[in-house]
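Q: I am new to reading pockets and cavities. Can you take me through a structure step by step?

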Amino acid sequence: MVDNRLVIAVDGPAGAGKSTIAKKVSEILNVEYIDTGAMYRALTLKVIKNGIDSKDVKNIIRIVSSTSIYFKDNHIFLDGTRVDEEIRKNIINNNVSNVAKIKEVREELVRMQQKMAEENNVIMDGRDIGTVVLPNANFKFFVTASVEERARRRHKELLEKGEKNICYEQILSEIKERDRIDSTRKIAPLKKATDAYEIDTTNKSIKQCTDEIVNIIEGR
Ligand code: CDP
């Protein structure tokens, strides 16, 4: 238990539906939603905009401490500029895991995330929330789906956003690669916390998954 607040951790692999579900649950339960993936994405955007390679650890560490990332009214700001759309581009998908595996990056962003969750009722989603960022959360969920289904969803989402020159097979292999980096990295790899409820979203609607989570939290 975390004093008398409601603290919910949601983890899972790319494209499993975490963010959509967590956002809906936050509205139903009236708690603050914090998308930690968006924070790693925002830093990756800055890395790319500065012409730094996502494997150039030294230069990435150099910029991380002077970077401001915060949420306001459910929008994400990078150094004062709103970057909601830009961080969803496929170039970010394909570089973010390299940036997110750097120890100094994680230390800085985890510190920010823990601070954001300090005083409010929150639902936070990511890869290491139940295991590292909020190990004392009242409720932990591990949201999954088959890799083919996750690739189908991501492919559709990118097409809807107008990305060109992408095909399903390419997205499938990119998602597999991101899963591999996220699950095998040395620091805070993606894994199910022992006390997390697993929610498989493969053949379920958003509403079914949201209801499942809300029912568990409300003890029904
Ligand atoms: O939306 P999607 O599932 O594609 O990913 P995301 O939640 O936006 O996270 C993007 C990337 O950030 C992940 O693939 C991880 O490499 C990294 N990440 C992380 O390392 N730790 C977190 N708590 C959240 C995201």
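A: Start with a term. A cavity is a set of grid points where a 1.4 Å probe fits but cannot get out. A pocket, by contrast, is an open set. Keep in mind that this is a predicted model.

Q: How does one find such spaces, and how many cavities of 30 Å³ or more does the structure hold?
A: Rolling a probe the size of a water molecule over the atoms shows where empty space is left. Here the structure holds 1 cavity of 30 Å³ or more.

Q: Which residues line the largest cavity?
A: Look for residues with an atom within 4 Å of a grid point. In this case they are Asn 90, Asn 93, Asn 94, Arg 154, Ile 171, Glu 174, Ile 175 and Arg 178. Helix 4 (90-93) and helix 9 each give two or more residues to that lining. Helix 9 gives the most, with 4 residues. Sorted by class, the lining has 2 nonpolar, 3 polar and 3 charged residues.

Q: Now the open spaces. How much space lies in the largest pocket?
A: The largest pocket holds about 1200 Å³. Its lining counts 50 residues. Ser 19, Asp 35, Arg 88, Arg 154 and Glu 157 lie nearest the centre. Helix 1 (residues 18-29) supplies the largest share of this lining, 7 residues.

Q: Where is the ligand?
A: The ligand takes up the space of the largest pocket. Its shell comes next. A residue belongs there if one of its heavy atoms lies within 4 Å. 20 residues surround the ligand. The closest are Arg 41, Arg 106, Arg 154, Asp 182 and Arg 185.

Q: Which helix gives the most to the shell around the ligand?
A: Helix 2 does, with 4 residues. Helix 2 (36-49), helix 5 (96-100) and helix 9 (168-184) each supply at least two residues of the shell. By class, the shell has 10 charged, 5 polar and 5 nonpolar residues.

Q: What should I look for between the ligand and single residues?
A: Look for N or O atoms in pairs within 3.5 Å. An N or O atom in the side chain of Arg 178 is 2.8 Å from an oxygen atom of the ligand. For Lys 18, a polar side-chain atom lies 3.1 Å from a ligand oxygen. Taken on its own, the ligand has 530 Å² of accessible area, and the protein covers 98% of that.

Key: Residues numbered from 1 in each chain as written. Predicted model: local features only at pLDDT ≥ 70, side-chain atom pairs only at ≥ 80, totals over all residues. Heavy atoms only, no water. Polar contact = N/O pair within 3.5 Å; in protein donor to acceptor, adjacent residues only side chain to side chain. Areas by Shrake-Rupley, 256 points an atom, 1.4 Å probe, with all protein chains shown as cover. 1 Å grid on protein atoms, 1.4 Å probe; cavity = no way out; pocket = protein on both sides within 12 Å on 5 of 7 lines; lining within 4 Å. Sits in = over half its atoms within 2 Å of the grid points. Nonpolar A, V, L, I, M, F, W, Y, C, P; charged D, E, K, R; others polar. Points joined across faces, edges and corners; volume = space filled by probe spheres on them.
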